[in-house]
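Here is my note on the model, kept to numbered points. Please read it with the structure open beside you.

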Amino acid sequence: MDQSLPVTRTRHPKDKPADPNKLGFGQIFTDHVFHMDYREGEGWVDPRIEPYGPLVLDPATMAFHYGQTIFEGLKAYRFPDGSIRLFRPRLNFERINRSNDRMVVPPVDPDFLVGALKQLLRLESDWVPSAPGTSLYIRPFIIATDPFLGVRPSRTYRLMIILSPSGAYYPQGLNPVPIHVETKYVRAVRGGTGEAKTGGNYAASLRSQADAHARGFVQVLWLDGVERKYIEEVGSMNVFFVLGGTLVTPSLCGSILPGITRRSVLELADHWGIPTEERRLSMDEILEAGESGSLSEAFGSGTAAVISPIGELEYDGVRIRLHDGAIGPLSQRVYDTLTGIQYGRLPDPLGWMEPI
Ligand code: COI
């Protein structure tokens, strides 16, 4: 949808990053932000683009106290011809509504927001980096804004979209990393908020992540919260295993985020004729497959890191090494193809890239 939002331009444009090869992730922000407010009785109102800057919020703002927040993550890429493309943006804004429903936030109009994002990107187009491996990370988010300390859904909200020129999410990049299988803490439970993209899920993961880091692991593999037996996610990503030539990922059972990269990996494998399975996958099965040699590769998938190969899994003192600690051929093929499509180096057979 083409629309024209009111724009207040910054009078103090920032300098662009001096060295685009050293961007890191999520540390630098562009000059402008999209804002939209929700007020009970009026709906979502006042969409606008404003200069980037601090927010002034009442200390009683509900989002600070009870975590009624939603976020999304997607990227804009610089194509070789200089144009800017988004990767499947509508899916992110549709997912916002599934998260909103779980967190009792009023629904948004995905088409309107894709249009608003495109207008913001056209204004900020100079900020989309072109160095290899870089992109403009896009963070839409919603916070509950009633100044109130009772526990109930807020009656007012703010939706914002901020933009961050970024490089690799993990400093390790595509190097396979050691992963600790978490047996003490859980990230989410069925019936909880695990399938919503809400801040609390990520807060709940930090203790485990910190403990794993202290022991030399880069991320944790999450097991289900009921039986502590079935694999759910890895770090803040979905997880895939190559078992006897089949690409297997845990089914979306209610406590797993329905990842857009996850869905794209499955669609790509289907397109290639590689068998895929979405099903319950136990840690016992992975241990057995590790011993028998039928487990050949594993990787995490997410917007931020795209593909993050797993070099080793540690479960209750048992270590399983994958593909001799090197990236496996299917992981590499998925990574090369996904990023090839995203950066316009390869054809886009499934029609995923959208101009702004
Ligand atoms: C993503 O991979 O897009 C994520 O959601 C991770 C994010 C927490 C940076």
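1. Start with the ligand. Around the ligand sit Tyr 137, Tyr 169, Lys 197, Tyr 202, Ser 236, Gly 302, Thr 303 and Ala 304.

2. A word on the source. This is a predicted model, where local features need pLDDT of at least 70 and side-chain atom pairs count only at pLDDT 80 or more, while totals for chains, interfaces and linings use all residues. Residues are numbered from 1 along each chain as its sequence is written, and side-chain values use heavy atoms, with hydrogens and water left out.

3. Next, the type of residue. The shell around the ligand holds four nonpolar residues, three polar and one charged. Ala, Val, Leu, Ile, Met, Phe, Trp, Tyr, Cys and Pro count as nonpolar; Asp, Glu, Lys and Arg count as charged; the others, Gly among them, count as polar.

4. Now the polar contacts (pairs of N or O atoms within 3.5 Å). A polar side-chain atom of Lys 197 is 2.5 Å from a ligand oxygen atom. Thr 303 uses a backbone N or O atom, 3.1 Å from an oxygen atom of the ligand. A polar backbone atom of Ala 304 lies 3.0 Å from a ligand oxygen atom. The protein covers 90% of the 280 Å² of accessible area that the ligand has on its own. Such areas come from the Shrake-Rupley method with a 1.4 Å probe.

5. Turn to the salt bridges (a side-chain nitrogen of Lys or Arg within 4 Å of a carboxyl oxygen of Asp or Glu). The count comes to 24. One network of salt bridges links Asp 37, Arg 48, Glu 50 and Arg 158.

6. Asp 19 bridges to Lys 22, with the closest N and O atoms 3.6 Å apart. Asp 19 is partly exposed at 31% relative accessibility, whereas Lys 22 is exposed at 68%. For these words, buried means under 20% relative accessible area, exposed over 50%, and partly exposed in between (1.4 Å probe, protein chains only). Glu 42 pairs with Arg 39 at 3.0 Å between the closest N and O atoms. Arg 39 is partly exposed at 31%. Arg 321 and Asp 324 meet at 4.0 Å, N to O. Arg 321 is exposed at 51%, and Asp 324 is exposed at 66%.

Notes
Near = heavy atom within 4 Å. Polar contact = N/O pair within 3.5 Å; in protein donor to acceptor, adjacent residues only side chain to side chain.
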